[in-house]
Structures are given as structure tokens and as C-alpha cells.
Amino acid sequence: MDEGGGRAVNDFVDAIGFIFSERDSPAGGTRVGGLGEIWELMWPHLKLSGASLGIACAIAIPLGLWLGHRGRGGFLAINASNVGRAVPSLALIAFFMAYIGVGFTNLTLALVLLALPPVLTNTYTGVRQVDRDAVDSARGMGMTGPQIVRRVELPLALPLIFGGIRTSAVNVVATATIAPLAGVVTLGDPIINVNTYGDEGRLAAAIVVALLAVATEVALGTAQRAVTPRGLKVNRREALT
Amino acid sequence: MRKHRWLMLLALLIAALAVAGCGDDDDDDGGASSSGGSGEQKAGIQKNDKNSSTKVTIGSKNFTEQKVLGEIYAQALTAAGYDVSKQLNLGDEKTALKALEGGDISAYPEYTGTALLSFFGYTADKLPTDPDEAYDLAKQEFAKKKLTAFEHTPYTNSNEVAVTQETADKYSLKNISDLKPVAGKLTLYGTPECRQRLDCLLGLQKVYGLKFKKFVPVAIDLRHEVLSKGQADVSIVFTTDPQIYEEKFVLLEDDKQMFPPFNSTLVARDDVVQKAGPDFAKAIGMVDKGLTDDVMQELNARVDLDKQSPEDVAGQYLKETGLVG
């Protein structure tokens, strides 16, 4: 037990070393490790994750707002989008390959389908949860439909929408590790190619991906607090005390 | 495709004859009775009831070819009278070796190249390119671990540079060297591992001086589809991939002998080999003789393309080669 724990600590130290220092590949013929390589792998990882999440939000948030505002057809849309999450991303990639080949577009498409459902579901639910009295009074003040969405429903739904985006972001950052199986070399490469990078390289990449997911989560959390309407923040604080 | 499958069946038949032939050679006890040349059954694996007290567990890694091989050895040893059990899904080579050294399994088939690269710390540029030399080296290394590596199979499962017939005709490609003037116009696809391997992209760059337009990593099971769909101009495949015949891909000759050999060898624990006696080695040897590139490809095809079980396919091999009656 103790020995196992000691070994785990050693492995961890080796993995951290891999992140900071370059060394010969155990398979020979090339150098691996070091911040330069980690960055080379991380940049496509970030681009792919960012593009997928951005596109997913651009589709899911307006759609969710509209469905939530109408109050109809939501469950159908949510269930349809959930199919995207039920099919494994690798299967989606293989399926899209027949039409668009492998590469950035294919992977983005697969990851968009993975990222859509949480954002859509949360946006729809967020809008539906808005106090009906607030919507009615907005209407009473003479606001038009689009104005109600923009000034009442969207701000009040924001905390839930962000919750959806954060879930999707973590999913996407973690799943982008499969990209080297479909043409884009990301942080998944050391995880897949243990013979080239060694065990410490595999663990190092996993650690970096985990840190990236945590950082994304924290960044989005900060953004969420920044855009939450003041009224909601006050309410929450009062509710807590 | 139909035609090709028939050719492969023919190859199996030839393998059967080869096995029958060498069976006669080894058969020094029953020479008189089978001299008429009708000794087809005599050439098969002989059951020895004394072996029933020896327990043997055959293992394999977790992909088609390994499972078929594992089944073939298991069924052959059963036919020789041993008490055989199976562990045919052991993950990667490191898991399989651990199981072998720990005694969970008695034997499993490993590729000479994989053993040298993955177990014994050789880098791809240091591997012998001659199959026998690679086998001898692996055998010596295994011996240090108290493991016996049996004579390697005729077939190898190495990396191969594959193009479509169309591409081969267009640029008149026969050898890998022929790619040199046109590589800049061609995209190369291969497993993610390929990018940094000396016996793959790195080697093609260093040994052959090829600079491809682009290298695109893909999952192992997509390497054939990208080629047949025209997305890849060149793809790295394995020698015994059944899709090669199905899609009529052209494999380019490795004229600078860069790809190390990956022949299969059954690796067994020394203590098991000693206890099992001569019938063990004899049965393994008879099985291995018929396993040529074409035969292994056909057997893989029956599993991967025709969706038969490895167990059935192994049975067919032993029957069609006359090893088991």
C-alpha cells in the first residue's frame, strides 16, 4: 500500500518533469516533452475546443431562448439534441469521415454535437424558470416579445445558461483528446502514443488536460459572475444570510 | 473481391499442402504405413493421452489477429491432448507479458518487432531487418526472462506503404523510393503513432528522404477507408490487413529495407515447455508453418469482413490444413 503510494508520487513527479524538460523519446529518433511541445499540442487543443464551444453556443443559446420564450416544442428539441450526446464522438467522427474526411471540420462538428445538449437544455430551462409575474409585468409595461427576451428572460436565465456552457466546456476540453485519431494533433497525442512519449508523457498530458478543464471552468465562472444581473446577486446573498 | 477471396482460398490450400508435406518429414515413426501418400490424417496433430495431465493456458492480446492465433494454438494443443484453457483478451503487449511472467498464462503469440521495441528497449533504427535475425535476438532476450520463443511464423505483420491501383499507375509506383519525386504532392495518412516513429513517418523522411505534402493521423480502423475514399493518397497499413485484398490496394516494396520485421512467435514459459514435453513444440511448429501473409490475411478477413468468430475461423484453419481431422 505504502509502496504503491510512493510509486504514484514518483510517477507524478516524473510527469511534471516531462512538462518542463525535453528528453529523447523512448522509441528513439525524436525528442519529446518540454513546454515547447506541450504548447504545440495545447494550441490546436484550445482552437478546437474554442471553435466547437463557440459554435455550439451560437446555435443553442438563441434556439433555447426562442423555444423557452414560446414555451412549446422545447422537449422535442432537447431530446433531439441529446441524440448527439448519446452517440460516442468517435462513432460520429467515423460517420462524418465518409462525407467530409477527417480533420478540423470533422472534429469540430463532432464536438459541437457533444456541446449542444447541455447549453440548449439549460437555456430552455433557464427561460422557463423565469418568474411568470416578471414576464407579465414586462409585457404590461409595453415591451415587445424580443425586448422581453433580451431584457428580462435572458438576464434572469444567465446563471443556468452559464452552468450549461461550463458543463459543455469541460466535456469538450476532455474529449478533444481524441483528435489525433482524426487528423488534428492535440494533447491527446501523448495519451494515445505511449510508446513515443513514455508513461510520464501520457500522465503529463492527462494532467495538462485536467488543468485546462479546471482553468476553463474557473474562467467561465468568473465571466458568469461578471454578467449576472446585480439584482440576482443581491437576492442570492440575502437568501444565504 | 470475390475473385480475390478465391485466390486467398487457394493460398490456404497451398499452405495445407506445405503443412502436410512437412508433417511427413517430422513423422519418423509412421513412415511405412503412410508411404502411399494417402496419409493425410497421419500428417495431422496426433493426440497423446499422456498430455492430459498438463494444464496449459493460452493468452492473446485484444485484436483480431491475436485472437485467431490464440484460438489456433489452443485448439491445436487440445488436439494434441493437453488440458487447455484460454485468456484471449489481455489488452496490449505489456499486459500480456505481465500475465505470462506472473504465470496467469502459459504462452501467447508476440511479434518479434514489438518484443524488441516494447520489451527490450531497442529503437526502430537498431532493429535487424532480417526476420531470422530479429527472431534470434528476441529469442535470446526472452530466454533471459525464462521464456521460450518458438520458431517464428512465415508471415509478418509490419507497416506497409499502401496506395490505390490508380495512384500506383498514375505515378508508376512500385518501390517506396519511387515516391521521392512526387511525395510533395501527396498526403500521407497513418496511425497517430506513425508521426514520430522511426519505422513509420520519421523513417520515411530519414531513410527515403520523402517529404510528403502533409501527414494526417487517423484511428487505426480508418486507415483503409481514407485511401479507398480518395482522401489519402498514401496510407500506412499492416501486412495482414484483410482490407488490402478487398480494396485491391498496392503495397509498395520496401526497397531500402527500413521496416523491421514483425513475424509472430509463440512465447511460452520455460517451466511449461519442460513439463509439456516434445508434443507441445511439435504441434506449435506444425501450426506455424502454414501461417503465410496470404493465409493470415484470409483468416483476418473471415473475422473482420465476414463476421465469423475467431474460434470458428481457427477451427477452419486447422481443418483446411488437415492438422485436425
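A: Chain A holds 10 helices and 2 strands. Its order along the sequence is α-β-β-α-α-α-α-α-α-α-α-α. This is a predicted model. The C-alpha trace of chain A spans about 75 × 50 × 35 Å along its principal axes. Chain A has 241 residues, and 41% of them count as buried. Take the contacts in chain A between residues at least 6 apart in sequence: 72% of these join residues at least 24 apart.

One helix pair in chain A deserves a stop on the way. Helix α7 covers residues 145-175 of chain A, and helix α9 covers residues 194-227. Their axes come within 9 Å and cross at roughly 165°. An angle over 145 degrees counts as roughly antiparallel, so that is how α7(A) and α9(A) lie to each other. Their crossing is right-handed. From α7(A), the contact takes in A:L158, A:P159, A:F162, A:I165, A:R166, A:A169, A:V170, A:V173 and A:A174. From α9(A) come A:V209, A:L212, A:A213, A:T216, A:E217, A:L220, A:G221, A:Q224 and A:V227. By type, the residues of this contact are 13 nonpolar, 3 polar and 2 charged.

Chain B has 13 helices and 10 strands. Of its 325 residues, 51% count as buried. Among chain B contacts between residues at least 6 apart in sequence, 78% link residues at least 24 apart.

The two chains touch. On the chain B side, 20 residues are in contact with 21 residues of chain A. Three elements of chain B each give at least two residues to that side: α4 (112-119), β7 (214-217) and α8 (223-228). The chain B residues that touch chain A comprise 11 nonpolar, 4 polar and 5 charged.

Look at its two faces in turn. In a regular strand, side chains alternate between the two faces of the sheet. In β10(B), B:S264, B:L266 and B:A268 point one way. B:T265, B:V267 and B:R269 point the other way. Residues on both sides are buried, B:R269 among them.

Which strands pair with β10(B)? One is β3(B), residues 107-111, which runs antiparallel to β10(B) and is joined to it by 5 bridges. Across this pairing, B:A107 stands opposite B:A268. Another is β4(B), residues 147-149. This pairing with β10(B) is also antiparallel, over 3 bridges. In it, B:T148 has B:A268 as its bridge partner.

On one side of β3(B) are B:A107, B:P109 and B:Y111. On the other are B:Y108 and B:E110. Both faces of β3(B) are covered.

Technical notes: Residues are numbered from 1 along each chain as its sequence is written. Chains are lettered from A and ligands numbered from 1 in the order in which they are written. This is a predicted model: local features need pLDDT of at least 70, side-chain atom pairs count only at pLDDT 80 or more; totals for chains, interfaces and linings use all residues. Helices (H or I, at least four residues) and strands (E, at least two) are DSSP runs, numbered from the N terminus. A residue is buried if 20 or more other C-beta atoms lie within 10 Å of its own, exposed if 12 or fewer, and partly exposed in between; C-beta atoms are placed from the backbone. Two residues are in contact if their C-beta atoms, placed from the backbone, lie within 7 Å. Ala, Val, Leu, Ile, Met, Phe, Trp, Tyr, Cys and Pro count as nonpolar, Asp, Glu, Lys and Arg as charged, and the others, Gly among them, as polar. Two strands pair if DSSP finds at least two bridges between them. Axes are lines fitted to C-alpha atoms, for helices over the stretch in contact, and angles run from 0 to 180 degrees between N-to-C directions. Angles under 35 degrees count as roughly parallel, over 145 as roughly antiparallel, 65 to 115 as roughly perpendicular and the rest as oblique. A crossing is left-handed if the near helix is turned anticlockwise from the far one by less than a right angle, and right-handed if clockwise.
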